[in-house]
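Please examine the sequence and the three-dimensional structure shown here.

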Amino acid sequence: MRVQTLNPAKMAKLFRREFELCRVQPGETIAVLSDLSARREYVSAAFAAAEDLDADIYEMCVNSIPSWTKVGVETVGACKGTVEALAAADLLVCLHIPLFTKWLKVVRDAGTRVLMIIDGPDDLEQLMAPDGLKEAVLHAHERLAETKVMRIISDAGTDLTVECGEYPVMSQYGYADEPGRFDHWGGGHVHTFPNEGSANGTVVVRPGDIIVLPYCRYVQDEIRLEIVDGFIRKIEGGLDAKLMDHWLEDGKRHADDMDGHAVSHLGWGLNPQARWDHIALSGDDPEHSHANARTFPANFLFSTGPNTQGGGKRNTKGHYDVPMRDCTVMLDNDVIIERGRFVDEKMIAPKRI
């Protein structure tokens with residue numbers, strides 16, 4: 001286990017900086033949504049930061065403990081008044097993953113800003129959004145929102161084409177500063193869900209790519225995926241292919257259930273503070289990988305499974321997230337990433353020194 005290097009006394013100061021990015025104002029109400037496994041120092045730091053900023057704050061602790069491998073757990077709503085309380089707050093600080101839940105949409109629709117904090121203390125300091133990241137992410141967001149066809153190729157043999165426009169583009173730049181905005185402290189990426197049935201081609205996942213969900217590991221041997229009309233039809237390779245096939249098969253609700261094999265969100269990272277080699281440096285504890293693996297610059301994130309976060313109807317356990325290196329990404333035949341390097345310079349945010 002990696003030894004924490006951040007001085008615990010700095011935690012409240014770090015939270016204050018993040019809350020300032022989230023535009024917390026005097027008199028606003030902050031709700032901290034925790035569970036029985038939440039870091040208590042995060043709750044204390046949030047309370048201290050709120051007091052410094054003259055904001056009101058309270059904690060709501062739920063009895064469910066969602067994990068990164070169990071997305072869509074409805075942690076809020078069983079107790080009367082809980083959703084209504086969070087919808088009345090100005091900022092919700094969520095210390096677990098609320099993605100793919102029904103209540104999150106209700107809260108955001110009410111105008112509550114939502115900040116997810118699920119990474120380790122050292123990672124929060126390292127990944128805090130640098131100047132220029134928001135602008136780079138919003139530029140990428142606009143480019144992707146205008147795209148009709150996205151194509152991804154690589155020297156390893158990836159050649160995947162998808163159509164876009166049926167689902168919205170989603171982006172994160174590390175702080176929730178607008179009404180109804182969801183963001184992830186440490187974020188810095190964009191993605192969308194392909195039009196239903198439009199994904200076709202081959203995806204080759206190679207050694208050095210990352211399986212960040214569910215296994216949190218570097219790929220050791222090649223995985224070759226055959227994709228037809230939006231679904232993975234064949235998985236070939238060694239151990240990593242067997243692990244993927246096992247996870248997706250195990251997530252089936254019945255023999256004919258293919259939801260976990262569907263192509264889900266696709267996008268790329270832009271956070272210059274994030275590192276591809278974080279697992280080599282810090283180990284495979286998921287707490288160090290939530291943001292790092294997904295947001296390192298110019299990775300291409302391929303995923304499978306649910307699309308409810310974008311407004312779709314697929315809700316499945318078969319969710320796989322694979323940040324891939326050295327891909328070329330084209331939006332309507334315009335190259336924005338070439339072999340894992342940005343070609344569109346407006347997507348490059350300067351690294352904080």
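The following paragraphs take these topics in turn.

This is a predicted model, in which local features need pLDDT of at least 70, side-chain atom pairs count only at pLDDT 80 or more, and totals for chains, interfaces and linings use all residues. Residues are numbered from 1 along each chain as its sequence is written, and side-chain values use heavy atoms, with hydrogens and water left out.

The sheets are described first. Helices (H or I, at least four residues) and strands (E, at least two) are DSSP runs, numbered from the N terminus; two strands pair if DSSP finds at least two bridges between them. Strands of a sheet pair through backbone hydrogen bonds, either parallel or antiparallel. Strand 19 and strand 20 are paired in the antiparallel sense over 2 bridges, with Ile337 opposite Phe342 in strand 20.

A further open sheet consists of 5 antiparallel strands in the order 7-9-15-16-17. Strand 7 (170-172) and strand 17 stand at its edges with a single partner strand each, so one side of each is left without a neighbour in the sheet. From one strand to the next the twist averages 20°; for such angles, axes are lines fitted to C-alpha atoms, for helices over the stretch in contact, and the angles run from 0 to 180 degrees between N-to-C directions. Strand 9 (residues 189-192) and strand 15 (residues 266-269) pair in the antiparallel sense over 4 bridges, and Val190 stands opposite Trp268 in strand 15.

Helix 6 (residues 133-145) lies across strand 7, strand 9 and strand 15, and runs at about 20° to strand 9. Helix 7 (residues 239-250) packs on the sheet of 5 strands, where it touches strand 16 (300-304) and strand 17, its direction making about 150° with that of strand 17.

The interior can be described by its nonpolar cores. A nonpolar core is a set of buried Ala, Val, Leu, Ile, Met, Phe, Trp, Tyr and Cys residues joined through side-chain atoms within 4.5 Å; buried means under 20% relative accessible area, exposed over 50%, and partly exposed in between (1.4 Å probe, protein chains only). The largest core has 74 residues, and those with the most contacts inside it are Phe15, Phe19, Met150, Trp268, Leu270 and Phe302. Helix 2 (residues 40-52) gives the most to this core, with 6 residues. Apart from this core lies another, of 20 residues, among them Val107, Val114, Met116 and Ile118. Leaving aside residues up to four places away in sequence, Phe19 touches several residues, including Val24, Ile30, Ala46 and Leu91.

The largest pocket has a volume of about 790 Å³. Its lining comprises 35 residues, of which Leu99, Phe100, Met170, Gln309 and Gly310 lie nearest its centre. Helix 4 (102-109) is among the elements that each supply at least two lining residues, and the largest share, 5 residues, comes from helix 4. For these terms, a 1 Å grid is laid over the protein atoms alone: a pocket is an open set of points with protein on both sides within 12 Å along at least five of seven lines, and lining residues have an atom within 4 Å of a point. A volume is the space filled by probe spheres set on the points, which are joined across faces, edges and corners.

Lastly, some backbone details deserve attention. Most residues other than glycine have a negative phi, and most peptide bonds are trans. A cis peptide bond, with omega about 10°, joins Leu213 and Pro214. Asp326, in the loop between strand 17 (320-324) and strand 18 (328-331), has a positive phi near 60° and is partly exposed at 28% relative accessibility.

Note on methods:
Contact = heavy atoms within 4.5 Å. 1 Å grid on protein atoms, 1.4 Å probe; cavity = no way out; pocket = protein on both sides within 12 Å on 5 of 7 lines; lining within 4 Å.
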